[in-house]
Amino acid sequence: MSAAADRMHQPDNQLVDLVFDYMRERLQYNPVPLDHPGDGEHLRTHLAGLLNEHGNDPGDVLKLYDHELSRAVISADSPRYLSFIPCAPTKAALLFDMVVSCASLQGISWLEAAGAIAAENQVLRLIADRAGLPASAGGTFVSGGSAGNLSALVVARDTARRKLGVGPEARLRIAVADQVHSSVKNTFNIIGVEAFVVPTVDRRFTGEALRAALAADPNPETVIAVVGTAGTTNEGIVDDLAGLSEVTRERGLWFHVDGAYGGAGLFAPSVRERYNGIEHADSFVVDPHKWLFAPFDCAALLYRNPQLARAVHTQDASYLDVLHTEGDEWNPTDYAYHLTRRARGLPLWFSLAVHGTQAYTDAIETGLTLARDTAQLIRDTDHLELLHDPQLSAVCFRRTGWTHEDYYRWSQQLLADQIGFVTPTGWDGETVARFAFLHPGTTLDMVKEILATME
């Protein structure tokens, strides 16, 4: 081995000190600044020649990252980041993410990482309990809602194929609302099923609408599953999970609930009843890197009957036989399409253990209260119009008289002035404004400051 290769895996106290000092400073930001989107040519200039045969001084590389690269990233953990779905990880979760990374955990199997998996499963059990799922429920942590939806709906498809005695050539459909998340539509393209689209009632997928659509369809037997949403991304609407679950039980259909954003509301007493019916789900996904204050990338995927998922996702190879034994074995790789995975549930586990569940409830309720207060503020402002009473923490509204171009100019200026990151969205073909409240540090005064720029 060359001296250069040997140095790569030797302790380097200077490098450790540099990185720790940088991380300590980053963790102490209060509040975290928004920063700006990057300029491609500027970034290419600063990166030119960096990856070379001989390497660079670590201080210089870290300085480049700090001064150029990190400032060309809009910080999703800023309390002024109100677009898409923000991320506001606790400091405890961020610190423990560093611990997990340092440990180089291969979190695929009980053989290799029993301690880490036991801790992850403790969190999965907590979430399952909040959803009212039975003691048999279990699953794994995946990278995000897209991975969770894909993994769960593959199980729904293959379980239906076995039940119906059909092969890949059979036409199968899954019932969804016209408001379903884009990742579900993408999943259908990947796994070769069709969407059975049911019109929503006031943007909400109801059991009554599903029952009527199935009754009117000439081939309802080809519908094998239903996807309900616990918090649509755009408006935060929770579908009629109780009504949907009733239809799925009547017809023997798989019931999947996509709660990637809104599923965290299970921890909030003020909105818990909106989720009634989720206890009947066959599969459920929620992203802790959204509203459960974990760092990217972390999504919890749960199955009512994990053995069905194991029958679909277990990978067979001679070198993997050693992983499948009797006893306490729980291999996360058996419950999603992945094999290699980091133990991405551990930062959430650590933070929950440190802070307790009540702190999470309080933080989630803070976002819900801010959404309600903001909605009232919009109602009380003559030139603003609230488009939908907030069910969770998303608020959509319009500025009277504005065009598509007005919203985009406003959004860009907000970011340039570091007042807020608020991107426009669509509403029945019209461009409108939208807030997504999640960060407990976002205040009503910040909202007022943003709304004042719309006068």
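Biologist: Is Tyr407 buried or exposed?

Modeller: In this predicted model, Tyr407 has a relative accessible area of 0%, so the residue is buried. Buried means under 20% relative accessible area.

Biologist: Which residue forms an aromatic pair with Tyr407?

Modeller: A pair of aromatic rings is described by the distance of the centres and the angle of the planes. Here, Tyr407 pairs with Trp402, at 5.2 Å centre to centre and with 80° between the planes. That pair is edge-to-face. Trp402 counts as partly exposed, because its relative accessibility is 22%.

Biologist: How many aromatic pairs does the structure hold?

Modeller: There are twelve aromatic pairs. Among them is the pair of Tyr22 and Tyr65, with ring centres 5.8 Å apart and planes at 75°.

Biologist: Why is the pair of Tyr22 and Tyr65 edge-to-face?

Modeller: An angle over 60 degrees between the planes counts as edge-to-face. The planes of Tyr22 and Tyr65 stand at 75°, so the pair is edge-to-face.

Biologist: Where in the chain are Tyr22 and Tyr65?

Modeller: Tyr22 is in helix H2 (residues 13-27) and Tyr65 is in helix H4 (residues 58-69). The two are 43 residues apart, and their pair links distant parts of the chain. Tyr22 is buried, at 13% relative accessible area, whereas Tyr65 is partly exposed, at 37%.

Biologist: Which residues do ring pairs link into a cluster?

Modeller: Tyr81, Phe84 and Phe421 are joined into a cluster by ring pairs.

Biologist: What lies over the face of Trp427?

Modeller: Arg203 does, at 3.6 Å from the ring centre of Trp427.

Conventions:
Residues numbered from 1 in each chain as written. Predicted model: local features only at pLDDT ≥ 70, side-chain atom pairs only at ≥ 80, totals over all residues. Heavy atoms only, no water. Phe/Tyr/Trp six-rings, centres within 6.5 Å; stacked < 30°, edge-to-face > 60°. Helix = DSSP H or I, 4+ residues; strand = E, 2+ residues; numbered from the N terminus. Buried < 20%, exposed > 50% of the residue type's maximum accessible area, 1.4 Å probe, protein only. Lys NZ or Arg CZ within 6 Å of the ring centre and 35° of its normal.
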